[in-house]
Amino acid sequence: MVDTALNTTSVADGLLTDDGKSLKAKLALATRRNKLRAFLLVAPLLVFILVTFLWPIGVMLYRSVYSPNFGETFYRTAIAIKDWDGKDLPSEDVFAAFVADLVQAKKDRTIGKAGTRINYEISGARSLFTSSARKAKKLEPPYKEALIGVKEQWGERNLWSTIKRLTGSYTASFYLASLDRRYNKDNQIVTQPEERQIYLPLFLRTFWIGGLVMVFCIILGYPIAYLLSILPLRTSNLLMIMVLLPFWTSLLVRTTAWIAILQREGIVNDVLVFLRIISDENRIQMIYNQAGTIIAMTHILLPFMVLPLYSVMKTIPPSYMRAARSLGATQFTAFTRVYMPQTLPGVGAGSVLVFILAIGYYITPALVGGRTGTLISNVIAGHMQKSLNWGLAAALGSLLLASVLVLYWLYNKIVGVDKMKFG
Amino acid sequence: MALPSYAGPGERIWYYSFRVVCGAIFLFLILPVLIVVPLSFNAEPYFTFTSGMLSFDADAFSLRWYADIFKNGMSAPNDAFSWAWISDSWSNAQWVHSTKNSFFIAIWVTILATSLGTLAALGLSQSELPFRGALMGILISPMIVPLIITAAGMYFFYSDVGLAQTYIGVILAHTALGTPFVVITVTATMIGFDRSLIRAGANLGAQPHTVFFKVIMPLILPGVISGGLFAFITSFDEVVAVLFLSGFEQRTIPRQMWSGIREQISPTILAVATILVCISIVLLSTVEILRRRSEKMRGIRPV
């Protein structure tokens, strides 16, 4: 065993512990044990988050591409239509298979669901499917002519290429819809005409409002964070309460307060009328629109800007500014050339945080947003609860999530997520 | 930083106007939170100050909206005050019901999130941990992912496993949302933790669990409690997941407020809001006191 001492590449290799094993191996074992112990501490929460949080979200987002319902209902058609080249109408075989599927779907009561699915692609197709399914049992061959006899829409090539596309289990159509694109007659992807675009303007509006809220938070947050950082700790701790109390107060309370302040019969309008700035008839509509959303969201997200700014400004020694002044810089130059560049990490951290939270906001826009202040989250909720178009909700959700994750990654680069602090 | 005696007039103007601007911003922050307090004592069912309130007419103020919190939903709200009235309110009043739910759910969430989060933070603060950044990223993600996506995902998942419209479903969902706050707060406390104390404890013959309860725990306790309070308030305020996951039985205070704001807007909401503001003042003060205590323990003193 002492022969190992001949190994001269490393001293540690040659050293032995008292039970005769090499020190290096023992050290490696100890490190491994520590690693494992640290990991085991994290493991329960990791498993919990994976099971109750990440997995459900993953499954939900999978719905944006996976929609097998239509193909399962029209399984005969799915096989028959595979060889159709899309140039003319499909052959008689396809029509025969389709009528057989219609009859079965009517019997199994699955026709409504399949009809709803195709209705997302071609409006009005649901009633075409359900009404034809009712008559399908009585149809005689040749099915092609018979079906077109029932409703002449069955003779449209566009309809059949849509059916062919939907019989697959995987679809891109929800993503296309959420980017305001669709398939045209020749199965090419085209952009919706301007006046029928819904989601692209909505994404733009979400980012626009998020950006505005972010800018307002910088404008309002920078001065008070600066003041807090230069005041003696006792005073600044007292003033900090003004930042932290809103932070700790329920979101709904703050939103309610803004309704009371901004509504037509609210406090701001009352004061303006009292001061004769506006007349009683011309009260300003400040809520249930975009302005209301922006004001309330700025108020709600401002602490998220002040806290990171404050923690960065706190670390900047005041002597730097004094040094700049004594070297002849004016107050303004000293501020812009010496102080401000050092606060940029804080501005970046706060901005990304505020923007991330703003574009995912749901409650406040839903309550005070009205028609012009709704964000992408509200539309996702609408598709989840009202129109039940879960595929589209999932597609919109994953696009929103993707933009948030990019920013989250950026945030991690700028500050490191473990540097985040509250209060 | 006081104004130096050699400051010129320009600097003087700047000094005072800057403070005025900051004062205005502080008012912008705090006024909306405080404005609900006087409004909740309105005798009229309005969301604004009546002329009587502005002239401090005693008749313009009332506690009727606070009484409404206890009465709304009762089978016999106008009976004389008695044990029967109290038990009627306790079991039938909507706001009382949702208050019970809110506390029940939030307390369970606090227990679960604090234990899971503290353990994870202990692991995360060890330098040996592999993939530290990635793990931290995953554990913090519930705070970053837009709530609507979380809620939608959980809605499908909990419906599939039969936990939708149950207390367990809401508690699990809120625990996931609350743990990041515990992880962040406790990890921040662990940064100032002197690791040689652990070795000292072990050196003196203490078992690992003794070291944990006698050495580590007392030192990080302020951080753990703050994290727990953050988890509590997260659950107590959360409404999106509740909207998707809870049934009528699991209604919480924010859920009740949500439908109150959307459907029948009554000053009862302002009365509830006032109570919630008081709760947040209590929680905030507790966290502040704990933070000072923890700073004192680590030898940081206010200047």
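## A term to begin with

A crossing of two helices is called left-handed if the near helix is turned anticlockwise from the far one by less than a right angle, and right-handed if clockwise. In this predicted model, the term applies to a pair of helices in chain B, helix 12 and helix 13, whose crossing is left-handed.

## The helix pair in chain B

Two packed helices are described by the angle between their axes and the distance between the axes. For helix 12 (residues 253-262) of chain B and helix 13 (residues 268-297) of chain B, the axes come within 10 Å and cross at roughly 145 degrees.

On the side of helix 12 of chain B, the residues that take part are I253(B), M257(B), G260(B) and I261(B), and they meet I269(B), V272(B), A273(B) and L276(B) in helix 13 of chain B.

## Chain B as a whole

Chain B contains 13 helices and zero strands, and its pattern along the sequence is accordingly written α-α-α-α-α-α-α-α-α-α-α-α-α. Its radius of gyration is 24 Å, well over the 19 Å that the globule rule gives for 303 residues, so chain B is more spread out than a compact globule. The C-alpha trace of chain B spans about 70 × 70 × 40 Å along its principal axes.

The mean pLDDT of chain B is 87, with 97% of the residues scoring at least 70. Among the elements of this chain, the lowest mean pLDDT, 78, belongs to helix 2 (residues 51-54) of chain B, and the highest, 94, to helix 5 (residues 94-124) of chain B.

## Chain A: elements and domains

Chain A has 20 helices together with two strands. With a radius of gyration of 32 Å, well over the 22 Å that the globule rule gives for 423 residues, chain A is more spread out than a compact globule. Along its principal axes, the C-alpha trace of chain A spans about 100 × 95 × 40 Å.

The chain is divided into domain 1 (2-62), domain 2 (69-171) and domain 3 (199-419). Between domain 2 of chain A and domain 3 of chain A, the C-alpha centres lie 51 Å apart.

## Confidence in chain A

Chain A has a mean pLDDT of 86, and 95% of its residues reach 70 or more. Confidence in this chain is lowest in helix 1 (residues 11-14) of chain A, at a mean of 59, and highest in helix 11 (residues 199-230) of chain A, at 95.

Over residues 1-9 of chain A, pLDDT stays under 50, and the model has one contact beyond four places in sequence for this stretch. Where pLDDT is low, the predicted coordinates should not be read in detail.

Methods:
Residues are numbered from 1 along each chain as its sequence is written. Chains are lettered from A and ligands numbered from 1 in the order in which they are written. This is a predicted model: local features need pLDDT of at least 70, side-chain atom pairs count only at pLDDT 80 or more; totals for chains, interfaces and linings use all residues. Side-chain values use heavy atoms; hydrogens and water are left out. Axes are lines fitted to C-alpha atoms, for helices over the stretch in contact, and angles run from 0 to 180 degrees between N-to-C directions. Helices (H or I, at least four residues) and strands (E, at least two) are DSSP runs, numbered from the N terminus. Contact means heavy atoms within 4.5 Å. Domain bounds come from an automatic or database domain assignment. pLDDT is the predictor's confidence in each residue, from 0 to 100. The radius of gyration is taken over C-alpha atoms; the globule rule is 2.2 Å times the number of residues to the power 0.38.
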